[in-house]
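I opened my notebook to look up a few things in this structure. My notes follow.

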Amino acid sequence: MPAGAVIEFHNISKRFGGVAAVTDLSFTVEPGRVTGFLGPNGAGKTTSLRILLGLVAASSGTATFGGVRYRDLPHPLATVGAALEAASFHPGRSARDHLAVYTIAAGLSRTRVLEVLTQVGLAAHAAQRVGGYSLGMRQRLGLAYALLGDPGVLVLDEPINGLDPEGIRWIRGFLRDMAAEGRTVLVSSHLLSEVQQSVDDVVIIARGQLVHLGPLSSLDTDAAPQTIVDSPDRDALAAALTAAGITFSIGRTGLLAATPDPGLLGHLAFTAGVELSVLHRQKAGLEDSFLALVGGSQSL
Amino acid sequence: MILFVRSVAAEFAKIFTTRLWWILAIVLFCYIGLLAGGLAALFAGLQTGVISPDAVNTGGGAITFGTLPPLIYSFASSVGYVFPVLLGALASTGEFRHQTLTPTFLATPRRGVVLGAKTVTLILIGAGFGLVALAASVGIGGGVLSAFGVDALLQGSETWLLVARTLLAMGLWAAIGVGLGVLVPNQVASIVIVLAFTQFVEPLLRLAASFLEVTATIGNFLPGAASDALVGASIFTVASPAGAAPLDWWQGGLVLLGYALVATVIGYAVSWKKDVT
Ligand SMILES: Nc1ncnc2c1ncn2[C@@H]1O[C@H](COP(=O)(O)OP(=O)(O)OP(=O)(O)O)[C@@H](O)[C@H]1O
Ligand SMILES: [Mg+2]
């Protein structure tokens, strides 16, 4: 069983001409956990991952696996498996031959080719030319490439893009399994909801800068909780709330009362003799916290 | 070392897992076969009197008949060289075009090793193209000569030296293609340059250069002229009106090698080691 290594980003910055794609980014990714690398379009996720993999040269800073730069790894494919968003295939080559080329280059066993194609559900299409593949099939082939060396570290850029519901469910379980085996799993996405069922930790960037770091639950901040309450006799309910000094606004499904405690409102209504039709807590979702962190829709 | 050997093996696999190589090889064989066969028939016909000299306009009529077989055989490189160049250029530009640099550099992060392996691989496959082209020029051209009763010179070591030097020239041309491809990674631009230069620009330059002693000396260093010097015979040297003695065969080889090295080293700096995004 290959051991996962700690991924470390140390003050990584990258400029493309005048564009600051990534600015002073530092974080670590632990083995045995699935880490979501999140940010809106253009946040710098792909750039950061390409720097980590030695494909793009950082303007400053270092990114390492267990302290070793990618280009210095003695057996790169057997240490780190990476699938990046761009479809990187010669359309005239079959999936089997595509993978075979890189097993040769990396000195891996040729039997791995069919094993990984089976693992990602492409065994039946192994001999088909990749030019005829659908988006989801290409995504799976990219994943198969990442798995070739049975690596302890997985770096996946938007692996869920283009997968069907069956594929999405499969990959979520797959990511969990990989982490449970002790591997390091770093997955990027621009949608928290896409990965929130499978990640333990989140690293959130916006405009190339780190904005949040921590376990998924740390996003559950609930800064201004409210309770939704409604009654067939809304005026009576409003009067009872006003009498108790609870401020509220009128929402689509009832009154939005500025208190986190539904029990308090239930008691108020009961003592005031007002019948309730709706009573539940309105939680700010993880996605809302995420959007607040990355600056909502103005982030680009 | 083991890394380099693996990279060469992977580069071979890249070429032989797509269709381009055998399509080019078949076209090369047919093209050279037709040309060598056709011109062998024409010249041998003239020599043996089967075709009346009055029936064709031979221009200067400068062909001395003892050189006929090497002239026919050298079509393999003097005309066929564009094929290994194309294969080499497509091999390197294809990596950019299909974004296969990403999986390639992930599997082998040492980029210089990859480019060196690609060059070595293409030299060997270019020499393979040389075999195909010679099979056409010696096989078909020589066959036609024999059919006309002209000695095909297949016993002489001269012919076999020409064969060996043709293989070397074709290998070097493939390396020039790889170098051009990293120098101009845009595939369409690269192909246009190969075709325009080999089919149009260089023949004109060689012709223009050949009229004066001074320019003829410079013209000898054009890649096509260097290649013909390496191989030792060519329709172009026969057709040129005057001038400076061509380079020695080994000088021609070094000039070709120089073009390949310069293009590859500059290409490495301007595209190969840049960000892969
Ligand atoms: N080769 C390049 N040349 C110039 N600018 C670039 C290049 N690659 C990326 N950028 C810029 O860097 C910034 C970050 O891009 P990046 O692709 O890393 O974002 P991302 O987070 O992966 O976005 P997405 O969710 O859309 O994939 C963007 O502003 C982008 O325009
Ligand atoms: Mg991206």
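Which residues are closest to ligand 1, and how many surround it? I noted first that this is a predicted model. I counted 14 residues around ligand 1, the closest being Gly42(A), Gly44(A), Lys45(A), Thr46(A) and Thr47(A). Ligand 1 sits between chains A and B.

Next I looked up polar contacts. The side chain of Thr47(A) has an N or O atom 2.6 Å from an oxygen atom of ligand 1. For the side chain of Glu158(A), I found 3.4 Å, again to an oxygen atom of the ligand. From chain B, Thr277(B) places a polar side-chain atom 3.2 Å from a nitrogen atom of ligand 1. Taken alone, the ligand exposes 630 Å², and the protein buries 65% of that.

I then sorted the shell. In chain A, β2 (19-29) and α1 (45-52) each give two or more residues to it. The largest share, 3 residues, is from α1(A). By class I have 5 nonpolar, 6 polar and 3 charged residues.

Aromatic pairs came next. Tyr102(A) is in helix α3 and Tyr145(A) in helix α5, so the pair ties together parts 43 residues apart in sequence. Are these two buried or exposed? Tyr102(A) is buried at 1% relative accessible area, and Tyr145(A) is buried at 6%.

Last entry: ring pairs link Phe9(A), Phe27(A) and Phe37(A) into a cluster.

Notes. Residues are numbered from 1 along each chain as its sequence is written. Chains are lettered from A and ligands numbered from 1 in the order in which they are written. This is a predicted model: local features need pLDDT of at least 70, side-chain atom pairs count only at pLDDT 80 or more; totals for chains, interfaces and linings use all residues. Side-chain values use heavy atoms; hydrogens and water are left out. A residue is near a molecule or strand if one of its heavy atoms lies within 4 Å of it. A polar contact is a pair of N or O atoms within 3.5 Å; within protein, one must be able to donate a hydrogen and the other to accept it, and residues adjacent in sequence count only if both atoms are side-chain atoms. Accessible areas come from the Shrake-Rupley method with a 1.4 Å probe; for residues, only the protein chains shown count as cover. Helices (H or I, at least four residues) and strands (E, at least two) are DSSP runs, numbered from the N terminus. Ala, Val, Leu, Ile, Met, Phe, Trp, Tyr, Cys and Pro count as nonpolar, Asp, Glu, Lys and Arg as charged, and the others, Gly among them, as polar. Buried means under 20% relative accessible area, exposed over 50%, partly exposed in between (1.4 Å probe, protein chains only). Rings of Phe, Tyr and Trp (its six-membered ring) pair if their centres lie within 6.5 Å; planes under 30 degrees apart count as stacked, over 60 as edge-to-face and the rest as tilted.
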